[in-house]
Amino acid sequence: MFDHVGLKVADLARSVRFYQAALGGLGHELGSQGDGYAGLGPAGAPALWLYAHSGVVGAGTHVAFVAPNRAAVTRFHAQGLAAGGRDNGAPGLRSEYSANYYAAFLLDPDGHNVEAVCFT
């Protein structure tokens, strides 16, 4: 349904470091960067766009990324924590969503809730 998602961030460099680390475990990379923006995603197809914003950055956005397996969910969580993210739900089954919903949640440097999820 979606082609891309954009998030406003207070400190672009800090957010790029965080997302490169967290999404690197899912196979994503920094694909585009310029004055005030950066795009990350699969090689050659950035789909998450970060935009420097000098005003108030509203937290509360939730973005979930598909992970190929549980090990990738765990890498996303560990690498995101190491890059300055805050734990918002350790890797594990979330049976309240479905029997095979395995996910981890982080708060990015601006408080956006980001998730990696697989269904195996």
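The following legends describe close-up views of a predicted model. Local features need pLDDT of at least 70, side-chain atom pairs count only at pLDDT 80 or more, and totals for chains, interfaces and linings use all residues. Residues are numbered from 1 along each chain as its sequence is written, and side-chain values use heavy atoms, with hydrogens and water left out.

View 1. Asp-108 belongs to the loop that links strand 7 (102-107) and strand 8 (113-118); strands are DSSP runs of E with at least two residues, numbered from the N terminus. Asp-108 is buried, that is, under 20% relative accessible area with a 1.4 Å probe, protein chains only. Apart from neighbours within four places in sequence, Asp-108 is in contact (heavy atoms within 4.5 Å) with Leu-7, Phe-18, Tyr-19 and Arg-86.

**View 2. Polar atoms around the side chain of Asp-108.** A polar atom of this side chain lies 2.8 Å from the backbone nitrogen of Asp-110. For the backbone nitrogen of His-112, the distance to a polar atom of the Asp-108 side chain is 2.9 Å. Asp-108 has no salt bridge, a term for a side-chain nitrogen of Lys or Arg within 4 Å of a carboxyl oxygen of Asp or Glu. Arg-86, the nearest side chain of opposite charge, is 6.4 Å away.

View 3. The open sheet has the strand order 1-4-3-2 and mixed pairing; two strands pair if DSSP finds at least two bridges between them. Its edge strands, strand 1 (5-9) and strand 2 (29-34), each pair on one side only. Strand 2 and strand 3 (residues 37-41) are antiparallel and share five bridges, and Gly-34 has Tyr-37 of strand 3 as its bridge partner.

Key:
Helix = DSSP H or I, 4+ residues; strand = E, 2+ residues; numbered from the N terminus. Buried < 20%, exposed > 50% of the residue type's maximum accessible area, 1.4 Å probe, protein only. Lys, Arg positive; Asp, Glu negative; His and termini not counted. Polar contact = N/O pair within 3.5 Å; in protein donor to acceptor, adjacent residues only side chain to side chain.
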